[in-house]
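Reader: I'm new to this one. Can you walk me through it in short answers?

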Amino acid sequence: MHANDQVALVTGAATGIGLATALAFARAGCHVVLADRDADRGEDAAEQVRRLGRRALFVATDVADPGQVEELHRQAFAAFGRIDAACNNAGIEGEMAPTADCTLENFDRIIGINLRGLFLCLREQLRIMEKQPGGGAIVNMASVAGLVGFAGLPAYCASKGGVVQLTRAAAIEYAERNIRVNAICPGAIRTEMIDRITRRDPVSEQQFAALHPMNRMGTVAEVADAVVWLCSPQAGFVTGQALAVDGGLVAR
Ligand SMILES: NC(=O)c1ccc[n+]([C@@H]2O[C@H](COP(=O)([O-])OP(=O)(O)OC[C@H]3O[C@@H](n4cnc5c(N)ncnc54)[C@H](O)[C@@H]3O)[C@@H](O)[C@H]2O)c1
């Protein structure tokens with residue numbers, strides 16, 4: 001699907017949806033730049049990409065830090081000379097509390113990583129892609145919580161709603177320059193993030209599953225496949241979309 005030797009960059013690539021996406025890009029023929037603040041697991045993820053026969057560069061990065069985000073993209077460009085696809089996936093759930101009890105520290109931390117951190121990455125990628133022949137494609141990891149409200153997650157919902165709107169704004173700005181920008185809005189996906197929320201309690205897990213008309217959680221592969229498709233020529237006329245990968249949750 002992807003021409004060999006294309007370059008994909010994934011943030012939050014050490015585990016979960018980001019790791020699955022990095023591996024899916026590698027299977028599609030891309031070299032992969034992986035970024036995460038967890039250096040040990042990030043290096044291990046890069047090794048998994050190499051075992052698939054593609055080149056991999058891991059750069060330890062906190063996406064909330066503008067200097068580190070700049071350095072990530074500088075190293076990516078120095079190593080590969082281009083970035084064809086990017087998936088801005090790093091994100092946190094933060095502490096759960098109703099709005100009146102949400103601390104300023106929690107609010108700022110969530111916005112700082114999920115929205116401001118994603119913006120920092122998006123900005124670097126657009127600067128690189130607009131200068132290269134062929135443009136590029138970017139997928140921002142939002143959430144169904146960016147489309148509908150969820151009690152106890154005010155800052156998370158605000159951050160993901162912001163990601164959807166940032167995606168639309170960038171998409172129309174860069175449409176004529178052959179850079180497509182889309183968002184994916186996953187429902188509950190089985191990852192460490194969901195395990196932290198449900199504490200692997202079967203009753204809590206079933207409550208999450210039941211939010212979706214398909215009565216199950218999604219898999220990381222189901223999200224990763226959607227990312228790779230959105231970055232492929234098969235999605236060449238798709239930009240500015242917030243694609244729900246959610247077993248029908250927002251269709252209710
Ligand atoms: N799992 C779900 O149900 C679900 C649903 C909707 C959206 N999402 C979104 O998908 C993305 C990935 O979620 P996941 O479930 O794989 O999460 P996860 O917690 O399992 O993995 C997140 C990864 O991002 C990294 N990360 C966190 N903060 C970072 C930072 N500041 N800088 C760099 N790396 C950082 C972590 O180290 C980790 O490797 C997140 O943006 C999340 O909000 C997840």
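Reader: Is Arg190 buried or exposed, or something in between?

Author: Arg190 is partly exposed, with a relative accessible area of 44%. Buried means under 20% relative accessible area, exposed over 50%, and partly exposed in between, using a 1.4 Å probe and protein chains only. Keep in mind that this is a predicted model: local features need pLDDT of at least 70, side-chain atom pairs count only at pLDDT 80 or more, and totals for chains, interfaces and linings use all residues. Residues are numbered from 1 along each chain as its sequence is written, and side-chain values use heavy atoms, with hydrogens and water left out.

Reader: Which residue forms a salt bridge with Arg190?

Author: Glu205 does, with the closest N and O atoms 3.5 Å apart. Glu205 lies in helix H7 (residues 202–210) and Arg190 in the loop between strand S6 (179–186) and H6, so the pair ties together parts that are 15 residues apart in sequence. Helices (H or I, at least four residues) and strands (E, at least two) are DSSP runs, numbered from the N terminus. A salt bridge here is a side-chain nitrogen of Lys or Arg within 4 Å of a carboxyl oxygen of Asp or Glu.

Reader: And Glu205, buried or exposed?

Author: Glu205 is buried, at 14% relative accessible area.

Reader: How many salt bridges are there by that rule?

Author: The count comes to 11. One of them joins Arg41 and Glu192, with the closest N and O atoms 2.5 Å apart. Arg41 sits in helix H2 (residues 39–51) and Glu192 in helix H6 (residues 192–198), so this pair links parts that are 151 residues apart in sequence. Arg41 is partly exposed at 33%, and Glu192 is partly exposed at 32%.

Reader: What about Arg82 and Asp84?

Author: Their side chains meet in a salt bridge, 2.6 Å from N to O. Arg82 counts as partly exposed at 23% relative accessibility. Asp84 counts as buried at 8%.

Reader: New topic. Where is Arg199?

Author: Arg199 is in the loop between H6 and H7. Its phi is near 55°, a positive value in a residue other than glycine. Arg199 is exposed, with a relative accessible area of 71%.

Reader: What is phi for Arg200?

Author: Near 60°, again a positive value in a residue other than glycine. Arg200 is found in the loop between H6 and H7. Arg200 is exposed, at 57% relative accessible area.

Reader: What does the side chain of Asp246 reach?

Author: The side chain of Asp246 reaches the backbone nitrogen of Val250 at 2.8 Å. Leaving out residues up to four places away in sequence, Asp246 touches Val144, Cys185, Gly187 and His212. Contact means heavy atoms within 4.5 Å.

Reader: Where is Leu147?

Author: Leu147 lies in the loop between strand S5 (136–141) and helix H5 (154–174). Leu147 is partly exposed, with a relative accessible area of 36%.

Conventions
A polar contact is a pair of N or O atoms within 3.5 Å; within protein, one must be able to donate a hydrogen and the other to accept it, and residues adjacent in sequence count only if both atoms are side-chain atoms.
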